[in-house]
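User: Hi! I am new to reading protein structures and would like to go through one step by step. Could you help me?

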Amino acid sequence: MVEQTRVYYQEELEKLEASALGGLDLVSAALGRTLEAVEHQDVELAQLVVADDDRIDGRYLEVHQALITLLATQSPVATDLRLISAMLHVLKNVERMGDQCVNVCKLIPLSGNEPPSDEEMVKLILTMGTQTRALIGQAKRAFADRDVELAHDLVRQDDVVDDLNRDCFRLALEIGDDADRREWAMTMLLAARAIERTADNAVDIGEQVAFVVTGLFREFEDASHPTP
Amino acid sequence: MAQDESRAGTGREAREAAAARATIAVRPEEFQHGRDIAREKVFELNGVEVLYSGVSAVKDISMDIHRNDVTALIGPSGCGKSTLLRCLNRMNDLIPGAEVNGELLYHGEDLYGPAVDPVQVRKLIGMVFQKPNPFPKSIYDNVAFGPRVLGRKDDLDATVEKALRGAALWDEVKDRLKSNAFGLSGGQQQRLCIARCIAVQPDTILMDEPCSALDPISTGKIEDLMIELKSEFSIVIVTHNMQQAARVSDRTAFLMVELDADEQNRWGRLVEYDETEKIFTNPADRRTEDYVSGKVG
């Protein structure tokens, strides 16, 4: 006597989840190109990333609108409602992560064609970026599998990025008296900062995984009330 | 959110601002479902079973219904929600072969005790039905009917006006009180039935799908009315419209049909009963989840 109903609605919801999480793949690709542009001081590639951000914004707008329509027409409740709320957060984070890649890419022309770069600092930024890409992939897997433990592990992974960011800061302080090198280091600090925030966005997605599964929202880490 | 590395400022101003925020901020752990304060119980059901000619319609229902709450009963057709509603004011007594077992307390007293007068019960616990059922009389006489039967004839005009105002109908009918009630629209007729119900000053109103025959505007008016009326009365509503339960009720009970091993007999059973917000955002039982999200019929 139990029969499945609302099949179309369920299919639509699954399609939108795949589309929202697919946004994370777009971001991961954008971050990969951003790192390449930083490594090779490739201004053209950086411009490509900036132009390509329209795709990420387009995905955000498209899925966001479809979710609003679903809310208006299907009256989702319980797990479906939590999933839709979480997807809206995921999309916002996807859009922010895309913008952070753009922020980094816009810095690349500012440092000039042959910048007085510091190899160690560039290496740190590339490591941060690679680690952040791993976080993005892990956030996607945790969401798709509804794996709260994997989502919570993002905090540990994010600590690595935070530590690298602090190392960048220390390196910038010790960069020396040369005005050009100091300017370059300050610019690169902004890039490091943008990548660090991108990793935070991945952690925020992890928090949404816990919300979908448990129905309770908990910040994994609370910047205003840090644990000692 | 994750730590924002740029906001590591430790100025006095920042510290003071943080202290001010801490005093007003609601920490997430303080959020919890449910109201902890003790609520006055109107009905206490313990292992209630209703049988028609010896066959169970609902079984093993245990729940408390609280004062000044709107309590919604939801569930698929045949799950016994109307049966359960009707045993709350002994309407099932009127059906030959109907039998109620278990304990059903009303304000702590056995509703089915030998000394209890069913007519007195129905005076205190009024009922509004699916289809508006005004008497073939004037608007005024419909509302005045109950008080007249009960011998409350003093100041009848004031009683009628109060009841019509309470049912949010006064402004629409004050100039045609002597007109036949059948001249009203469906929504107005249903509000007239609510006025007729509250004119005898009950303590609880039972509503059996009160909006299923009404258009969305009339439904909206009845729903607003329920929210207004709950400050004075306790309301129990049976509805097929889950969004209506979500909109108007404080607590929701989900019943579903259960079958015996050889699928010969079926009866209704209470699956989950909780705060409405909990039922519609994070129900504890998978069957509730599937029903409220419309995944199973």
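This is a predicted model: local features need pLDDT of at least 70, side-chain atom pairs count only at pLDDT 80 or more; totals for chains, interfaces and linings use all residues.

User: Thanks! How are helix α1 and helix α4 of chain A oriented to each other?

Analyst: Let's start from the angle. Helix α1 (residues 7-40) of chain A packs against helix α4 (residues 119-145) of chain A at about 170°, and the axes are 10 Å apart. Angles over 145 degrees count as roughly antiparallel. α1(A) and α4(A) are therefore roughly antiparallel.

User: How many nonpolar residues are in the contact of α1(A) with α4(A)?

Analyst: On the α1(A) side, the residues include L21(A), L24(A) and L35(A), and on the α4(A) side they include I125(A), I136(A) and F143(A). Sorted by kind, the contact has five charged residues, five polar ones and, to give your number, 13 nonpolar.

User: Is Q41(A) buried or exposed?

Analyst: Q41(A) lies in the loop between α1 and α2 (43-74) of chain A. Its phi is positive, about 50°, although Q41(A) is not a glycine. The relative accessible area of Q41(A) is 19%, and the cut-off for buried is under 20%, so Q41(A) is buried.

User: Let's move to chain B. What is the relative accessibility of R90(B)?

Analyst: R90(B) sits in the loop between α2 (81-87) and β4 (98-106) of chain B. Most residues other than glycine have a negative phi. Phi of R90(B), however, is positive, near 60°. R90(B) counts as buried, with a relative accessibility of 11%.

User: And how far apart in space are G113(B) and E103(B)?

Analyst: First, G113(B) belongs to the loop between β5 (109-110) and α3 (118-124) of chain B, and G113(B) is buried. In sequence, G113(B) and E103(B) are 10 residues apart. From C-alpha to C-alpha, their distance in space is 9.8 Å.

User: Which residue in β10(B) is the bridge partner of M256(B)?

Analyst: Strand β9 (residues 251-259) of chain B pairs with β10(B) in the antiparallel sense, over nine bridges. The two strands form a hairpin with six residues between them, and E263(B) in the turn has a positive phi of about 55°. Strand β10 (residues 266-275) of chain B is mostly covered, with seven of its 10 residues buried. In β10(B), the bridge partner of M256(B) is R269(B).

User: Last one: what percentage of the residues of chain B count as buried?

Analyst: Chain B has 11 helices and 10 strands. Among its contacts with a separation of 6 or more, 68% join residues 24 or more positions apart. Chain B has 297 residues, and the share that count as buried is 48%.

Key
Residues are numbered from 1 along each chain as its sequence is written. Chains are lettered from A and ligands numbered from 1 in the order in which they are written. Side-chain values use heavy atoms; hydrogens and water are left out. Axes are lines fitted to C-alpha atoms, for helices over the stretch in contact, and angles run from 0 to 180 degrees between N-to-C directions. Helices (H or I, at least four residues) and strands (E, at least two) are DSSP runs, numbered from the N terminus. Angles under 35 degrees count as roughly parallel, over 145 as roughly antiparallel, 65 to 115 as roughly perpendicular and the rest as oblique. Contact means heavy atoms within 4.5 Å. Ala, Val, Leu, Ile, Met, Phe, Trp, Tyr, Cys and Pro count as nonpolar, Asp, Glu, Lys and Arg as charged, and the others, Gly among them, as polar. Buried means under 20% relative accessible area, exposed over 50%, partly exposed in between (1.4 Å probe, protein chains only). Two strands pair if DSSP finds at least two bridges between them.
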